[in-house]
Amino acid sequence: MSETARSGKLLLLVAGFLLWSSAFVVLYGLQGLGCRLGWEDMDLGPVSLNRGALLAAWVLHVGLIGVMAAIQARRRSADRGDAFIDRAGLALTFCALVATIWTGLPILTAGSTCS
Amino acid sequence: MSAAGAPSSDLAMRLHRDLDRIWSTPPGVGRLSAVNHTIVGRRFIVAAFVFFIIGGLLAMLIRAQLATPHGAFVGPELYNQIFTMHGSVMMFLFAIPMFEGVAIYMLPKLLGARDLAFPRLTAYGFWCYVFGGSILVVAMLLGVAPDSGWFMYTPLSSNTYSPGINADVWLLGITFVEISAVCAAVEITVTILKMRAPGMTIDRMPLFAWYILVTAGMMLAGFPPLILGSILLEVERAFDLPFFDPARGGDPLLWQHLFWLFGHPEVYIIFLPGAGMVSTILPVMARREIVGYTWIVVSVVAVGFLSFGLWVHHMFTTGIPHLALGFFSAASTLVAIPTGVQIFSWLATLIDGRPQLKLPMLYLFGFFVVFVAGGLTGVMVAVVPFDWQVHDTHFVVAHMHYVLVGGFVFPLLAAAYYWLPHVSGKVARYPLGHAAFWLIFIGFNVTFFIMHLTGLLGMPRRVFSYEPGWGWDLPNLVSSFGGFLMTIGFALFVVDMMLHVRFGRTAPRNPWGASTLEWATATPPATYNFASLPTVSGRHPLRDTPELPSDLAGGRGYLGFPREGRQETLGIHMTAATPDQVIVLPGPTYLPLYTAFATGVVFLGLLFKVYWLVPVGAVLMLAMFMLWTRGTGQLRDRGPLPIGLGVSAPAHWEAAGAPSWWAMVFTLVADGVLFSSLAFGALFLWVSAPGWPPPQVIDVQWWQPALAGAGLVAAALAGRRAVAVNGNADASRSAGRDRWLLLAAAGHAFALAWLVLLALATPGPTLHAYGAATVALLAYAGFHAALGCVFALFGLWRSRAGYISAARSLDLRIGALWHGYTAATGIAAVLLVAALPRLVTL
Ligand code: HEM
Ligand SMILES: [Cu+2]
């Protein structure tokens, strides 16, 4: 269905922030889950397993959004509406990137992950 | 001048008469059958204003009680009802419906369409809103209004501490109203995406539409958690399933999560439409195009998301680990940035433009002052040590009202004066609006500015009385006096509106010199808005083409002719904005009213615990909804229809992306959020609630849930096959299609049976929240399977009745969406049910 395929472009506007939402939910959920399962007291190299898992989830999301931004930065649609989606979408994905980095910073700074 | 404002050529007159006959609503009692967006939008606005008056009177009662120490006006029980009702009425019955009303009235006109996508749904939403609101108001008159605060915290609102009917009134009444909000959100989203004027690519959309689009999207994601929370709490109260009872594995914090997951975005759901009005009116007043269109769009979308990452900041004092709080604090600091971007855009527009201090501008000035002040105190309470000082004092009441009244009520008043000439066709004759402004503005600040001080002096909120001599006497008296002034101001506003409608002078066309499409209609607008539909080639259609109104009235746009007495408007391709279908809309009917009655039966049955009424009402409701479909669809293929200007497009039931198909997509998005919240709730209880693991878990073999899942998958695949077979051009398709539909129904029925068996096998749903959560997950899947059965059988009936062909496949495609969704969530639900027993022992 070409309609649905082409309308999918609208998703470019929100793709970055959907990933941000995912990062948010995963980080919040993982933190609680890890504490419930006692990951705070298990070591993963220099950090606790809980912090390690959180770091991994965070870096993964930042990476994904980064890739998303790179893809969007290269789009050059001819059509007016689509060109707007390219521009605004890139700006939004970039905002989402900054937001995801910022939201996850407490993982680096918090003392314990469970108190 | 004809009513349509056309040069009075015979042709234009005849077009107007024909269209008016097709689009008009019968007079007298027949007005109850109205589905037209102009009429229903107006009704929403009036009803919401009535609730504003009720909420305002309650506020006056609060101020009368608090004016002096030892106020003898009302006792604590009544005071609790009054402030709970004030908060609930203002948030749920005034602010949200008011913005819906404005959107319903304005959107089609701003976008260049003749109505919203689902006129009967508009009307149904209206009746649900009025009935649900009435339940609350009647309860208040009978002295059994909710009294646990507008946030209904458990355990205060659970059976133990609220044994009466009061809390049920809130849970059921508000959920009833919420149905209307979700309906509106779906309808608004589809309308904005699919029904703009040809040529209106999304970068040419009026900013108001952007704001409303984002708001509607937020409602789709924000309301389901609250609806879920209300259902769970009502089930706990009625059937003792202990979701929120810490003694039995539940957790009051789950309620707080679900409530604030809605509650914080709610603040933005109220503010964004206000900001949308500002972004619409301000450039017109400043006589300059808005500065930074793209940046505004970007910041509105960003706010829409970020505001969901803050909910826990209402729970900072509940002992959540610091790291988790850190995530939420971080998001809280971010959300201010996009709001700042908008404020700077507005200021830049003002500075670079040539602002005129007309009445709407005066109210916008009020908005700026009050809202920015509220933002500043917001920054103050965001500082944690400061928050500890003022938490739950009147300082917070002051802050909250600066934001809410500044962010919504002042823009709304500006909008009232701005669009009044459009609604009434008149301009004001008397300068009362200025006096009203100053009374409201001064009264507001006198009431709430000093309240900051009252709060700093330590006066807690939600107390019905206080001792003299603690320094609270004078500031409270001043606040009450200010409230009195404000009330006079609002009364004057009402008088002004009435005088205006009764004695105003006839408005010139487009009195403010605006450039958006709503001013291309006649004022007041004709029933069909536009005699023919515009083509748009920029952001300022009226400025780019000043002769547009007369062209449209003369029938020189799209669809400038009546066809077979049907109500027609255009659908466009979402991004390219080329016409891709003729949307045929239903005319006036009583069905929405009757369906809302049937819905009311369900709710009243639950409220008064007459449980046999509930299924009766539900079946009635379903039957009514089936009747809705009677007038839709066709018995033969029509192919492309001419739409004027040499272009043709198929009718919507022959088009790929019909509005109802998209409506199902967005409904499922909201439904998906509800399911995720439920799954989150189950996991949250396991991870965080006291009293786990449960004494007993369900004893299932892996193949039991697997069979349930298999039934759902079979149904989903059969639903897809039915669509595919239907598309094949061979002659045997109708029989094949029907067989697949039957199989889909059977798959759902099979799954349903297994889900019921699993639910029956769940040990002690009332003994532990584990059992309650398991049953809730199974019930969710079972409900969807049951409806899936109905969808499949409905498709079968439509197919037998001849409504379906290769071209006319809409019913089947909508059904297929449902079947697919049901399989996806159903499998997730049974997986979770099967996994929980293993998880809880970890
Ligand atoms: C018209 C003038 C208004 C006045 C004089 C007023 C007055 C008050 C007062 C004194 C309280 C505190 C009650 C207490 O803590 O004991 C309150 C609470 C509240 N108001 Fe208003 N209000 C007004 C308008 C509004 C509007 C327009 C809204 C929302 C759009 C609103 C929403 C709320 C909410 C949510 C609460 C919290 C109730 C609670 O603590 O449970 N108010 N109002
Ligand atoms: Cu908040």
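This is a predicted model: local features need pLDDT of at least 70, side-chain atom pairs count only at pLDDT 80 or more; totals for chains, interfaces and linings use all residues.
**Helices of chain B**
- The buried residues of α21(B) include B:Arg737, B:Asp738, B:His748 and B:Trp754.
- Among the elements covering those buried residues are α20 (703-727), α22 (769-800) and α23 (810-840) of chain B.
- Helix α5 of chain B (residues 166-194) should also span 42 Å, and its end C-alpha atoms are 42 Å apart.
- Burial takes in 28 of the 29 residues of α5(B), so that helix is mostly covered.

**Nonpolar cores**
- The largest core has 296 residues, and B:Trp210 and B:Trp346 touch the most other members.
- Helix α3 of chain B (residues 76-111) gives this core its largest share, 22 residues.
- Setting aside neighbours within four places in sequence, B:Trp210 contacts A:Leu13 and A:Phe84 as well as B:Ile202, B:Met205, B:Tyr293 and B:Val297.
- A second, separate core has 6 residues, including B:Leu741 and B:Tyr803.

**Cysteines**
- There's 1 disulfide over all chains, and it joins A:Cys35 and A:Cys114, with sulfur atoms 1.9 Å apart.
- That link is left-handed, at -95° about the S-S bond.
- A:Cys35 sits in helix α2 of chain A and A:Cys114 in the segment after α5 of chain A, so the pair ties together parts 79 residues apart in sequence.
- The sulfur of B:Cys128 is 6.4 Å from that of B:Cys183, its closest cysteine sulfur, which is too far for a bond.

Notes. Residues are numbered from 1 along each chain as its sequence is written. Chains are lettered from A and ligands numbered from 1 in the order in which they are written. Side-chain values use heavy atoms; hydrogens and water are left out. Buried means under 20% relative accessible area, exposed over 50%, partly exposed in between (1.4 Å probe, protein chains only). Helices (H or I, at least four residues) and strands (E, at least two) are DSSP runs, numbered from the N terminus. Contact means heavy atoms within 4.5 Å. A nonpolar core is a set of buried Ala, Val, Leu, Ile, Met, Phe, Trp, Tyr and Cys residues joined through side-chain atoms within 4.5 Å. The expected span of a helix is 1.5 Å times one less than its number of residues. A disulfide is a pair of cysteine sulfur atoms within 2.5 Å.
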